[in-house]
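This note sets out, point by point, what may be read from the model under review. Each point can be checked against the sequence and the coordinates shown below.

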Protein chains: 2
Amino acid sequence: MQPLTPDRLAIHTMTTKPWSLAEACEHYATAGVAGICPWVEHVKPVGADEAARIIRDSGLRVPAYVRGGFFVHADAAERAAAIERTRGLIEEARTLNAEMLVIVAGARPGVPLDDARAMAADALAALAEHASRAGVRLALEPLHPMYAADRSCINTVRSARDLCDRVSHPALVVAVDVYHTWWEPGLAEQIAALGREQRLAAFHICDFKAEFSDVLLDRGLMGEGVVPIPDIRRAVENAGFTGLVEVEIFSTRYWAEDQHHWLARILDAAREHA
Amino acid sequence: MQPLTPDRLAIHTMTTKPWSLAEACEHYATAGVAGICPWVEHVKPVGADEAARIIRDSGLRVPAYVRGGFFVHADAAERAAAIERTRGLIEEARTLNAEMLVIVAGARPGVPLDDARAMAADALAALAEHASRAGVRLALEPLHPMYAADRSCINTVRSARDLCDRVSHPALVVAVDVYHTWWEPGLAEQIAALGREQRLAAFHICDFKAEFSDVLLDRGLMGEGVVPIPDIRRAVENAGFTGLVEVEIFSTRYWAEDQHHWLARILDAAREHA
């Protein structure tokens with residue numbers, strides 16, 4: 001495999017959370033990174049139009065805008081509001097010239113998982129045609145089963161594929177994050193199936209540490225954990241994926257460091273451990 | 001469904017960790033609990049012979065001795081040692097008159113999960129006939145995927161069934177714990193399959209809290225979390241399970257409380273929320 005050099009990477013702005021969108025654009029571009037995946041949290045302070053201008057001026061590509069979804073609510077009005085919020089994010093993604101909008105299905109204590117999956121399917125069916133007309137794909141990201149209680153009822157690639165089958169719209173695709181999926185039995189086969197189905201839209205890297213202090217905000221840098229990232233990347237490339245590889249790391253520890261140093265470490269780690 | 005009264009329960013000694021085996025036996029029996037699942041940690045201080053006498057005198061049944069396995073090591077000598085340790089535990093389980101020995105497959109940073117699964121299969125194949133002759137079944141317990149890095153390479157009921165198929169010995173069965181498996185897509189179907197295969201040997205209850213402070217030692221009491229325990233119990237009973245339901249809760253918070261009060265809360269919660 002080719003080494004994962006900066007020109008083959010995009011970085012999620014949440015990875016360098018302390019930087020504004022303008023700072024992230026400047027420093028990523030200076031480092032030779034090819035793309036940026038803006039999070040809503042970094043777009044909101046300037047608005048989508050200004051964010052689009054900042055990103056365009058940086059020359060960075062925009063594989064994905066992050067993130068919509070969270071469709072699961074016991075209350076129908078709240079479900080409708082979640083759909084409308086995501087509809088607005090599809091428009092922002094179009095403004096940002098993003099290829100896709102990342103979708104987290106949602107989950108909620110008290111809502112049985114099978115019901116939650118049905119709610120997510122209904123919401124995505126309601127949004128897929130709008131997304132398609134906007135030229136934005138919806139990239140469903142399965143989250144690790146430790147988030148099944150309150151974040152996502154879709155916890156495996158297999159389960160994401162099942163949801164795609166239910167919705168059955170070409171605008172609905174899948175984002176594979178090593179953190180969430182590395183443990184899945186038959187992962188390589190699932191990734192190959194995504195490729196055959198033209199649904200393998202994104203590949204996210206970071207690492208899963210055997211010991212972690214926080215279930216959300218203590219993700220590891222590539223090489224710090226247990227994930228066989230090169231093996232998974234090989235499966236992803238064998239499945240036909242040619243997009244930018246996305247670095248997405250939430251870490252209060254790394255956010256507290258000098259972000260220039262942190263960015264340099266990320267680029268080294270991508271080369272050496274991914 | 002019948003309410004889950006104490007006469008239908010067994011309690012894992014680790015649930016009331018501060019109590020010695022003798023104290024646990026006395027207080028469980030006084031409360032009308034039908035069975036006890038001794039952990040190695042509670043048997044070791046007195047030895048298996050004395051532990052067997054204490055339990056016999058209490059009149060409690062012993063569904064399971066807990067726990068062997070942890071077969072995954074890069075080093076062959078360490079793998080052999082893990083098998084020998086489990087062989088010793090099978091003998092202790094026989095001494096304790098336990099129906100089964102709970103098995104955790106093991107996992108180890110640096111050992112790919114497919115290799116780990118092969119190591120677990122080899123170890124279980126080496127032990128199954130011994131267990132069978134000892135009259136002790138080996139109850140493989142899939143652990144939640146958040147333990148895939150360093151505790152278990154078997155993280156779903158489906159995956160446990162696959163391992164059973166590989167080993168193909170009637171002494172190898174499966175323990176289903178709601179904490180580990182509640183999120184699994186198609187769980188009811190997987191449980192039904194275990195029933196058809198005569199492999200549904202144990203059913204463990206506690207609860208999975210949406211917010212938890214520790215990945216190991218902050219399990220919830222039934223009713224405190226998100227698991228639809230009665231739905232899963234129904235699936236287990238529909239699959240033909242008639243054994244004692246086992247309460248297994250690790251919680252530094254509850255271990256710090258008065259254990260008599262804690263035991264009373266467990267019995268109430270089993271009646272009301274399981």
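**Notes on the predicted model**

1. B:Phe70 counts as buried, because it has 21 C-beta neighbours inside 10 Å and the threshold for burial is 20 or more. The model under discussion is a predicted one. B:Phe70 lies in the loop between β3 and α4 (76–95) of chain B.

2. B:Asn97 is not a glycine, yet it has a positive phi of about 65°. The loop that holds B:Asn97 is the one between α4 and β4 (100–104) of chain B. With 14 other C-beta atoms within 10 Å, B:Asn97 is classed as partly exposed.

3. Which peptide bond of chain A is cis? The bond from A:Val66 to A:Arg67 is cis, with omega near 0°. A:Arg67 belongs to strand β3 (residues 64–69) of chain A. In chain B, a cis peptide bond joins B:Val66 and B:Arg67, with omega about 0°, and B:Arg67 is placed in strand β3 (residues 64–69) of chain B.

4. The sheet of chain A is open and has eight strands, in the order β2-β1-β8-β7-β6-β5-β4-β3, with parallel pairing. At its edges stand β2 and β3 of chain A; each has a single partner strand, so one side of each is left without a neighbour in the sheet. On average, neighbouring strands of this sheet are turned by 35° against each other, direction ignored. In general, the strands of a sheet pair through backbone hydrogen bonds, in either a parallel or an antiparallel manner.

5. Within that sheet, strand β4 (residues 100–104) and strand β5 (residues 137–140) of chain A pair in the parallel sense over four bridges. A:Met100 has A:Arg137 in β5(A) as its bridge partner. Helix α4 (residues 76–95) of chain A packs on the sheet and touches β3 and β4 of chain A. The direction of this helix makes about 170° with that of β3(A).

6. The relation between the chains is simple to describe. Chain A is superposed on chain B by a rotation of 180° with 0.0 Å of shift along its axis, at an RMSD of 0.0 Å. The two copies are thus related as by a two-fold rotation axis.

7. The contact takes 18 residues from chain A and 18 residues from chain B. The side of chain A that touches chain B has 13 nonpolar, four polar and one charged residues. Of the interface residues of chain A, 100% are also interface residues in chain B, so the copies meet through the same surface.

Technical notes. Residues are numbered from 1 along each chain as its sequence is written. Chains are lettered from A and ligands numbered from 1 in the order in which they are written. This is a predicted model: local features need pLDDT of at least 70, side-chain atom pairs count only at pLDDT 80 or more; totals for chains, interfaces and linings use all residues. Copies are superposed by least squares on the C-alpha atoms of residues with pLDDT of at least 70 in both. Two residues are in contact if their C-beta atoms, placed from the backbone, lie within 7 Å. Ala, Val, Leu, Ile, Met, Phe, Trp, Tyr, Cys and Pro count as nonpolar, Asp, Glu, Lys and Arg as charged, and the others, Gly among them, as polar. Helices (H or I, at least four residues) and strands (E, at least two) are DSSP runs, numbered from the N terminus. A residue is buried if 20 or more other C-beta atoms lie within 10 Å of its own, exposed if 12 or fewer, and partly exposed in between; C-beta atoms are placed from the backbone. Two strands pair if DSSP finds at least two bridges between them. Axes are lines fitted to C-alpha atoms, for helices over the stretch in contact, and angles run from 0 to 180 degrees between N-to-C directions.
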